[in-house]
Amino acid sequence: MEDSYADNMTRHASEVQRLNEQFDLITENIGYLIHPTITASLPKRPFIADIATGTGRFLFSLQKTYPDARLDGFDISAALFQDNLPENVSLSILDVKKPIPEKLHGLYDMVNVRMLVAGMLPDDWTPTILNLSQMLKPGGYLQWTECDFVSLKHLRGRVDSRVDHIRLLGRAFGIALRERFLHGWNTLPAQMQAAGLHAVSRDTVSSDRVPESREKMTRSSVLAPLAWMRLMADRGAPEALASDDIDQLDVDVQEDIKSGAYVRYDIHTVYGRKLE
């Protein structure tokens, strides 16, 4: 399987903590795991799939609310899968950019996707949405959450806040992944409609909707760019910073955050329903 996510990101075990923390912070600011419109439509024992499940955090969080549900996680790589799964949770390898196996067609009341953008190229979105739509039962929902990293801003929280280093880090990461970041958050509604989904809606919140989460969200947000920088250095990529320079940048970025610098971007959740 071609894993385009690995072009820019690592699947090292150290990513588990970062991804879980990122998931929890985004969930806190969104305010739900499943949009209330979808929740109202689910049966008592729903079949739910989570795409690009990573560590399975979505399913483990959902298992507390739906202990009798069937909860299936799929990812192109098993590198971050956890052991000792609850009885109703499964984790499997699946490349959703390729045709979906027939045994998964029409199986799920809901298919969830979150933060797949790093593994998507511009031409991947439409066929992937069509593939995921096949997994839905009639009346089932596709819910997809992506962030607008193109418009991401690093702002000062105090008059004397420093932002130069955190902006430098964010700018480098944004330029490197710009082709990917330009799609998804803004194209999903039209693409879902084109795939035949109905009642397509978008819910948008700020990454700091919950003010108390702002500093944690900012500290979490710099981890992926730093991991990307270190991966590029390890690969000897052109114009990659030396390891010592990355370490110093990390120190400087933390000082910026300590001085009151913070991140803000929009989080978009788009959902649509398959006709019954």
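How are H9 and H10 oriented to each other, roughly parallel or roughly antiparallel? I opened the notebook with that. The model is predicted.

**Entry 1: the helix pair**

I looked up helix H9, residues 223-235, and helix H10, residues 243-258. Their axes come within 10 Å and cross at roughly 170°. Angles over 145 degrees count as roughly antiparallel. H9 and H10 are therefore roughly antiparallel to each other. Next I listed the contact residues. H9 contributes Leu226, Met229, Arg230 and Ala233. H10 contributes Ser243, Ile246, Asp247, Leu249 and Asp250. I then sorted the contact of H9 with H10 by class: 5 residues are nonpolar, 1 is polar and 3 are charged.

Two of the listed names, Arg230 and Asp247, turned up again in my salt-bridge search. Their side chains meet in a salt bridge, 3.2 Å from N to O. The pair links distant parts of the chain, with Arg230 in helix H9 and Asp247 in helix H10, 17 residues apart. Arg230 is partly exposed at 31% relative accessible area. Asp247 is partly exposed too, at 38%.

**Entry 2: the sheet**

I traced the strand order next. The sheet is open and has 7 strands, in the order E3-E2-E1-E4-E5-E7-E6. The pairing is mixed. Which strands stand at the edges? I found E3 (89-93) and E6 (198-206) there. Each has a single partner strand, so one side of each is left without a neighbour in the sheet. Direction ignored, neighbouring strands are turned by 20° against each other on average.

E1, residues 47-51, pairs with E2, residues 70-75, in the parallel sense. I counted 5 bridges between E1 and E2. Ala49 has Asp72 of E2 as its bridge partner. For E1 I also looked at burial. In E1, 4 of the 5 residues are buried, so this strand is largely enclosed by the rest of the structure.

The other pairing is antiparallel. Strand E5 (residues 136-156) and strand E7 (residues 261-273) are joined over 12 bridges. Here Glu146 has His268 of E7 as its bridge partner.

I also asked what lies across the strands. Helix H1, residues 15-30, lies across E4 (108-114), E5, E6 and E7. H1 runs at about 75° to E7.

**Entry 3: salt bridges**

How many salt bridges does a search of the whole structure find? I got 14. Side chains of opposite charge can pair when their charged atoms come close.

I looked at Asp208 and Arg264. They form a salt bridge, with the closest N and O atoms 2.9 Å apart. Asp208 lies in the loop between E6 and helix H8 (214-221), and Arg264 lies in strand E7, so the pair ties together parts that are 56 residues apart in sequence. Is Asp208 buried or exposed? Asp208 is buried, with a relative accessible area of 8%. Arg264 is partly exposed, at 33%.

I then turned to Glu276 and Arg273. Their salt bridge has its closest N and O atoms 3.7 Å apart. Glu276 is exposed, with a relative accessible area of 76%. Arg273 counts as partly exposed at 27%. I closed the entry with shared partners. Salt bridges of this kind join Asp208, Arg214 and Arg264 into one network.

Terms used. Residues are numbered from 1 along each chain as its sequence is written. This is a predicted model: local features need pLDDT of at least 70, side-chain atom pairs count only at pLDDT 80 or more; totals for chains, interfaces and linings use all residues. Side-chain values use heavy atoms; hydrogens and water are left out. Axes are lines fitted to C-alpha atoms, for helices over the stretch in contact, and angles run from 0 to 180 degrees between N-to-C directions. Helices (H or I, at least four residues) and strands (E, at least two) are DSSP runs, numbered from the N terminus. Angles under 35 degrees count as roughly parallel, over 145 as roughly antiparallel, 65 to 115 as roughly perpendicular and the rest as oblique. Contact means heavy atoms within 4.5 Å. Ala, Val, Leu, Ile, Met, Phe, Trp, Tyr, Cys and Pro count as nonpolar, Asp, Glu, Lys and Arg as charged, and the others, Gly among them, as polar. Two strands pair if DSSP finds at least two bridges between them. A salt bridge is a side-chain nitrogen of Lys or Arg within 4 Å of a carboxyl oxygen of Asp or Glu. Buried means under 20% relative accessible area, exposed over 50%, partly exposed in between (1.4 Å probe, protein chains only).
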